[in-house]
Every structure is written in C-alpha cells, then in structure tokens.
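Please keep the structure in view while reading.

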Amino acid sequence: MTPATHSSLFPQVPDSADAVLDGLDPEQREVATALHGPVCVLAGAGTGKTRAITHRIAYGVRSGILQPATVLAVTFTNRAAGEMRGRLRQLGAGGVQARTFHSAALRQLQFFWPKAVGGEVPRLVERKIQLVAEAAARCGIRLDRNELRDVTGEIEWAKVTQTVPADYPAAIAKSVREAPRNPAEISQIYAMYEQLKRDRGVIDFEDVLLLTVGILQDRHDIAERIRSQYQHFVVDEYQDVSPLQQRLLDLWLGDRDDLCVVGDAGQTIYSFTGATPDHLLNFRVRHPEATVVKLVRDYRSTSQVVHLANGVLGQASGRAAEHRLELISQRGPGPEPGYTAYQDEPTEAEGTARRIRELIAAGVPASEIAVLFRINAQSEVYEQALADAGVPYLLRGAERFFERPEVREAGVALRGAARAGGNDSLLDDAVDLPSQVRAVLGTKGWRAEPPAGSGAVRDRWESLAALVRLAEDFARARDGATLSDLVGELDERAAAQHAPTVEGVTLASLHAAKGLEWDAVFLVGLNEGMLPITYAKTDEQVEEERRLLYVGVTRARVHLSLSWALSRSPGGRASRRPSRFLNGLRPGSAAGVRGSAAAGGAAGVERGSASRRKQRGPVRCRVCGKTLTDAGDMKLMRCEDCPSDMDEALYERLHEWRGVQARKVGQPAFCVFTDKTLMAIAEAVPSTEGELIGIAGVGARKIARFGADVLAICAGQEVDPAPGED
C-alpha cells in the first residue's frame, strides 16, 4: 500500500482546472481531457489509471463541463470507492458520487421502493450461508463446511448471470464451470433458498441488483428520473463486470453514451463470480466511435519486476491474451526477483519471515511488505513464522479501519479533548498537535513501544499507532493545525473510508491483493496444484490462474521473491515441483507449452526428456547447472534440493508396484529399485527400453526382469501383479 507521506496524504488543492492536469503523462492527459462520448481506457498494472480517471472527473468539474451531482463513478470494492472519493476531494471535486455497484443500487432501491412497490425495503439477510445451510437441510441434503461455501458461491454466480433455479443445470452444462455437487441438487437448494427468503421477507446482496434492474425495466418514470440525476458515468475495473452489473449500467445510461470505462483484460481474476472481460473487449464493437487510450507506462515497479510481469503474460493464450498490454517501466532498475525452492512448507515460511526481518532491518517499513498466497488456508504457517520472528502482521480482509472498536473509542476521546481545549488536563504538557494526540490516545492503550507478540492487543496498538502517525503527517502538512482540525479530517476520512496505513506485514490472498501495492512482495506456495490450483481444468481456468500470478507480480514495486516447497511437511518426500507458469522465467527452466491447460499431460504434469541424461564428462544439475558429485543426485541429474518435475501420480503407482514385487520375492523394496531410481523414472517417463536403461540404477538384468512392467506403468497401463521371472 502506498506509503503515507505528508505530501501525498494532504496535497494542496489545485488552484485551477488547468492545474488539475499538471503532472499527467501524455496518455493520462488524453484520458483527463476526453470528457465527451464513450471512452475506453486500457490500463496496465501500475500505470496510474485511478490517477487518470479521478483527474478526468476533477478536470471536468473544475472546468464547468461536468456538474458534480451528475457524475456517478462506480467501482468494485468499498476500499477503491473510498480511495476515489478521497482523491476527488483532494482535487476539489468532493461532491461527486463514487460508489460500488451494490452501494449505488441499494441507495436507489431504498429511495424508490416505496413508490415502485410500497412499504419498506426488505432487510438484507445478514448470514447468507446460514440460510443456504437451512435450505439444504430442508431438501434433505447434507453439506460439509466447504461444500456449503461452494454451493453458496454457485447460487451467487447463478444470480449475477441471471440464471433461475430451474435453469441452473442447463447453464452449468453450457459453461466451463464444474459444479461442486450434482447440479440438480444445487438447483433444488437454490430454489428452497429463494423460498426461505420470500417467506421471511429478506433479500440478499445479489437481489439488490436484481430488484433495481427490475424496477428500472418496469418503471420508465423512475428510470428517467435516475437518468436525469446521473448523466456521466465512470466504471473502474470494467474487466470484472458481471452480466447483471452490465444490465444495470445499460439501464442507467438509457440511450446515452457518456460513459468512460477503465480496465485490463490481463487482470481478469474473478470469473468464478460471473465476471467476464467480454464487455471490455467488445466495447469498440458496441461503441465504434469510442475514444480508446492505452496506459502502458508503469510507474509502480522496477524494470526487473516489469520484465517478469511481461514474461508471465507473454506465455498466455486466449482472447484476453490477444489484448494484453506490454508494460514499460518508468522507475528504472532494481534488484532481480528471487526464486527459492524450500525443503518443506514450514521451512518456506521461516525463510520468508527471516528475509522480511532483513528487509525491515534495512529500512523497509513493515507496512510496505506483503506475503501473498493462492488460498487463505495457507496463511496460518506464515502467521506463526512471523509471530515467532517478532514481526507484526495483519490479515487483509479484516473489518474496516474506522469501524474497529479501538478507532471509534479513539475518535470519541479526541473529539472530547478538542471540545475541552485548554481545559483538559491531559493536554497540559503537550506542546504540539502530535503530542496532544499521543497524550489522549495514551489513555486508550497507546504506548511509544509496541507490545510483544501478536494477537488482539497488538492489533489494537497498531490501530492507535496509525492514528498517531496520521496526526504527525497532518501537522507537517498543515502548519498551525489544531486538534479540532484533525478531528474534522478523521471524520472526512471515515466518511470516505480513506484509512491511514497500519504498521505490519500484510498477509493476503492473491485475489484480496488486487488493487494494492507494496515495496516488497513475497509470492509463496508457487507449486503445481496450488498455482494453477488443482481444480483448474480447462484452458480458460488455467489462463485465469496465470493472470493471478501476473496480478501478484505487479503488486511489487522493488523487491520480489517467488518461492515454493518441495514437500508439505518436514521429512516428507521432495516430490513437488514449481508452478508451470515459472517455466522459462526462473533460472534453469525451459519455457512451458504456451496456452495449454494440459501442459505436460492431462493432469498438468510437465514431463522431462530422458535423452538429456545421456551425458559424457562431468555430470551437471539440469536445473541449476552445478557439477554433481553425490551418487543419488547424479541418478536424478539434479541437486536434491533443486525443484523436481516428477509426475507424482506415476511415482505413487511405481512405489505401490515396487512394494508388491518386493513382498513376492521376499526382498527389501530397495533391491527392486531404490527411491531415487523410482524418482528418476517418474521424472523421465521412459517409453522404450533404450530410454529406461539410460537411467542410473536400471541395468540389463532389471530391464529383463521388470522392464515390461515399468514401461507399461509409465504408459498408464495396468500390469499383472505377479513379479517377472529371473
């Protein structure tokens, strides 16, 4: 997250419309001055898209072309909407509405419901997942916790794609999605869920959009009233709109085209929610006269990070890849991204925590460091490792800053002290605004030194410390500022949800990290089966996983580390291999098959070539290039701690077969083949006797005795369990 300096937190409001354009690059200026007709901004990561569109709105307002009350800027998260409101306020365009789709729709629904339907708007259901659980129980269907979450997600997807319960099975059959349970069962649960909502007079988040769409379709008078209110629309992250959101946007627009959309098809990572980049990619088809501006100057990341980001998408395929943006770094050089293979997951977490401590010791603030992973379940081992290392951290996705109890309490205390003025004894020894704030917050638990360890006490201190730092920045930016001025600033920030930076390393999923940035980013757990996730089967799903990695890479400004573990637990078999998306990018790796969901085989297995084992002279590691001296390493043709490209499923079949053979001949298993030889076979996947005999540990005698079985297993065939004859 961008560092909070007093100059960036509290900039001076531009004194004229032309001053709003100061500091914009040529493409950003083109966006800012394109105030009429349809505009499509294709903006790569780190290219200043938020800056461009907020300056566009502010320039239009300050020049008198746009009236603040007639502009509606729409984005996808409360955080992004809050940031946009904060920037517009700093540019002198504070009256513009910047909201999420749901927030804007809910506001309209609450206002027009009495006229369109009558009575009060149904209340929003607080715990959707509980209602889905009850619906499943009434249908006689048992769901475990994970299935319950997945079925709830399916219902949400069905609603944003405007699919009714009866049509769900057919819709799933046409889509690339895999239903978490029998589609007929989900359809039954979905129908019961809708019935329970009707019986109890409640609506869910998706209903807010559906009902607003319904009212605008049926009541032309209400639709016209909204269109007379809002005449100019800006949509951020347009690649993530769902069909339902696009329908609502069309109804807001009517027959007008005063619309500016901003997006990047290369960052489409929410298709599981019903989002699709098709609306962005088809914008010129719908609006042939549209102004299209491409932002490719990357101001966020070093040239090394940008080079890797371009490389990640350079191997992509599909329609989104055809429209990818080649970023050009404006920041200059920095350290090369680091690639590390760890022996197991706890070691990976400990190594990451150790490196984070080194960065902090070198002067990188903890709040400027992030650890990003594919799924939330991966966070626990990093929480423990950071706590053991004495490094403060925070989990992305926690409650909003200004809604935290300690922040609310602090606000009340500061407001009371501001009203009391010089009559508050707490402020007797305070000489300036920061010392006044420290004195007041000292009564709420703030101390100069943070408490040891992690947990609720540390979280509370971090929130209060963020307020202290905000006061220090505010005092530097506003000479002579009083406690009352600061309280007013806090109130405005709370209304805009423009929170100060909390000190602590961020732990977040790749999805939750979208839209954020840090000086140092650690991308962890980059193994096959995790990225791409094991259930990504189709080309489209695998390509979305690739885009997730791209999003992760482009979160980093300077320092970037990519790592994976060779096994899950200490002492486990080192059988995992790094993500196929790193092929051709990490040192010593070859480029992967471009754009294939089944790169390396139907199960996503990258198969090596046996011919590369036939070498003369010194034997070198095929991954890192080091000379090998250990017999076991020479057998594998790689260092033991270098990443393996082994077919794990094949290894398991070979391991099981070896056990059967060993029991029948009454010998230890290693007398059939050693573990290293089995691993070498599973990495080479030989298809002929010539390839098999080229593997160290497989001689002519074993070829004669076991060769046919091994080659059959490598070919995926069933074998006779009886051992071969000597």
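Helices (H or I, at least four residues) and strands (E, at least two) are here DSSP runs, numbered from the N terminus. The model is predicted, so local features need pLDDT of at least 70 and side-chain atom pairs count only at pLDDT 80 or more, while totals for chains, interfaces and linings use all residues. Residues are numbered from 1 along each chain as its sequence is written, and side-chain values use heavy atoms, with hydrogens and water left out.

The protein contains 29 helices and 16 strands. Of its 726 residues, 52% are buried, where buried means under 20% relative accessible area, exposed over 50% and partly exposed in between (1.4 Å probe, protein chains only). Contact means heavy atoms within 4.5 Å; among contacts with a separation of 6 or more, 76% are between residues 24 or more positions apart.

Helix α6 (residues 101-116) bends by about 35° at Gln-110, the bend being the angle between axes fitted to the seven residues ending at a residue and the seven starting there. A proline, Pro-114, follows within four residues. The buried residues of α6 include Phe-101, Ala-105, Leu-109 and Trp-113. An α-helix has 3.6 residues a turn, so residues three or four places apart point the same way. After α6 comes Gly-118, with a positive phi near 105°.

Two helix pairs illustrate the packing. Axes are lines fitted to C-alpha atoms, for helices over the stretch in contact, and angles run from 0 to 180 degrees between N-to-C directions. The axes of α18 (residues 345-361) and α19 (residues 379-388) come within 9 Å and cross at roughly 45°. That angle makes α18 oblique to α19: under 35 degrees counts as roughly parallel, over 145 as roughly antiparallel, 65 to 115 as roughly perpendicular, and the rest as oblique. In α18, residues including Glu-348, Thr-352 and Ile-356 take part in the contact, and they face Val-381, Tyr-382, Ala-385 and Leu-386 of α19.

Helices α26 (residues 648-665) and α27 (residues 675-684) pack at about 140°, with their axes 9 Å apart. This pair is therefore oblique as well. Among the residues making the contact are Leu-650, Leu-654 and Arg-658 of α26 and Leu-678 and Ile-681 of α27.

Ile-369 belongs to strand β12 (residues 369-373) and is buried, with a relative accessible area of 0%. Leaving aside neighbours within four places in sequence, Ile-369 has contacts that include Ile-356, Val-505 and Trp-518. Ser-563, in strand β16 (residues 556-565), is buried at 2% relative accessibility. Not counting residues up to four places away in sequence, Ser-563 touches Glu-348 and Leu-523, among others.

Finally, the loops hold several backbone exceptions. Most residues other than glycine have a negative phi, and most peptide bonds are trans. Leu-531 and Pro-532 are joined by a cis peptide bond with omega about 5°, and Pro-532 lies in the loop between β15 (518-523) and α24 (539-553). Gln-162, in the loop between α8 (145-160) and α9 (168-174), has a positive phi of about 60° and is partly exposed at 43% relative accessibility. Glu-237, in the loop between β6 (232-235) and α13 (243-253), has a positive phi near 50°, but is buried at 13%.
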